[in-house]
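Here is a short briefing on one protein chain. Look at the model first, then read the points below.

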Amino acid sequence: MAHFPLFLSLEGKECLVLGAGKVARRKSRVLLEYGAKITICAIKWEPELEELIKEYGREKVRFLLLTLTEGEQWKQELKSAIQPHSIEGFFLVICGTNQMKLNEEVALFYQERNILVNVANSPNLCTFFFPAVVKKGPVSIGISTSGMSPFVSKILRREIEQRISDELVSCIEEINEYRKKIKKEVKEEEERTLFIKQKVLDCLQDKI
């Protein structure tokens with residue numbers, strides 16, 4: 001089944017990441033690139049996490065050392081660790097531990113509260129899929145195979161990324177400034193549309 005692609009604003013949103021392995025760190029970095037604040041919970045410290053903290057600051061990256069056992073204990077640990085905040089106050093949750101039962105428990109807990117959940121290697125537990133992301137300036141492209149083959153998504157991301165040049169990004173920024181100007185100077189909507197359309201065609205020529 002195909003899934004609807006949706007672009008969300010993550011600026012300032014609180015997100016929870018369970019696990020600190022390679023996949024969890026990669027997803028954490030993407031969330032941070034889009035302005036999210038993340039709480040990473042793991043059973044041990046990974047040295048690579050220091051890079052995230054140095055790059056984005058402790059106001060954006062919080063690390064909690066928890067035992068993360070199955071059952072009710074993970075809830076109690078998390079409640080104690082993030083007080084006075086609620087464990088139900090996250091915008092989205094990433095489950096990336098190597099404990100499948102724990103991932104399932106956490107996923108179902110947050111699904112019941114209508115919070116977005118992504119579980120590594122368990123498409124059936126996901127309420128959203130984490131896409132392979134191409135981000136250059138104002139351009140964001142997400143690629144998903146609906147969890148069927150993340151590796152294919154990765155290959156497509158590389159192909160698309162090569163097509164988006166710095167010139168194209170500059171062109172989009174130029175078009176945006178032109179749109180602002182035309183909206184102020186031209187009152188008729190149809191005339192504005194024609195001006196903007198021509199500017200786009202001129203600017204994008206030979207760039208895509």
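How much of the chain over residues 137-162 is helix and how much is strand? Over that stretch the chain is 50% helix and 19% strand. This is a predicted model, where local features need pLDDT of at least 70, side-chain atom pairs count only at pLDDT 80 or more, and totals for chains, interfaces and linings use all residues. Residues are numbered from 1 along each chain as its sequence is written, and side-chain values use heavy atoms, leaving out hydrogens and water.

**The annotated stretch**
- An unreviewed UniProt entry annotates residues 137-162 as "domain: Siroheme synthase central". Such annotations may be inferred rather than shown by experiment, and their positions follow the numbering used here, with feature names shortened.
- The end C-alpha atoms of residues 137-162 are 14 Å apart.
- Helices (H or I, at least four residues) and strands (E, at least two) are DSSP runs, numbered from the N terminus.

**The sheet**
- Five strands form an open sheet in the order β3-β2-β1-β4-β5, with parallel pairing. Two strands pair if DSSP finds at least two bridges between them.
- β3 (61-65) and β5 (116-119) each have a single partner strand, so one side of each is left without a neighbour in the sheet.
- From one strand to the next, the twist averages 15°. Angles run from 0 to 180 degrees between N-to-C directions, and axes are lines fitted to C-alpha atoms, for helices over the stretch in contact.
- Four bridges join β1 (residues 14-18) to β4 (residues 92-95) in the parallel sense. Cys15 has Leu92 in β4 as its bridge partner.
- Helix α2 (residues 49-56) packs on the sheet and touches β2 (37-42) and β3. Contact means heavy atoms within 4.5 Å.

**Helices α1 and α2**
- The axes of α1 (residues 22-33) and α2 come within 11 Å and cross at roughly 5°. That makes the pair roughly parallel (under 35 degrees; over 145 is roughly antiparallel, 65 to 115 roughly perpendicular, the rest oblique).
- Among the residues in contact are Arg25 and Leu32 of α1 and Leu52 and Tyr56 of α2.

**Helices α6 and α7**
- Helix α6 (residues 166-185) and helix α7 (residues 189-204) have axes that come within 10 Å and cross at roughly 160°. The two are therefore roughly antiparallel.
- Residues that meet include Leu168, Ile175 and Ile182 in α6, and Phe195, Ile196 and Val200 in α7.
- This contact of α6 with α7 has 10 nonpolar, no polar and five charged residues. Ala, Val, Leu, Ile, Met, Phe, Trp, Tyr, Cys and Pro count as nonpolar, Asp, Glu, Lys and Arg as charged, and the others, Gly among them, as polar.
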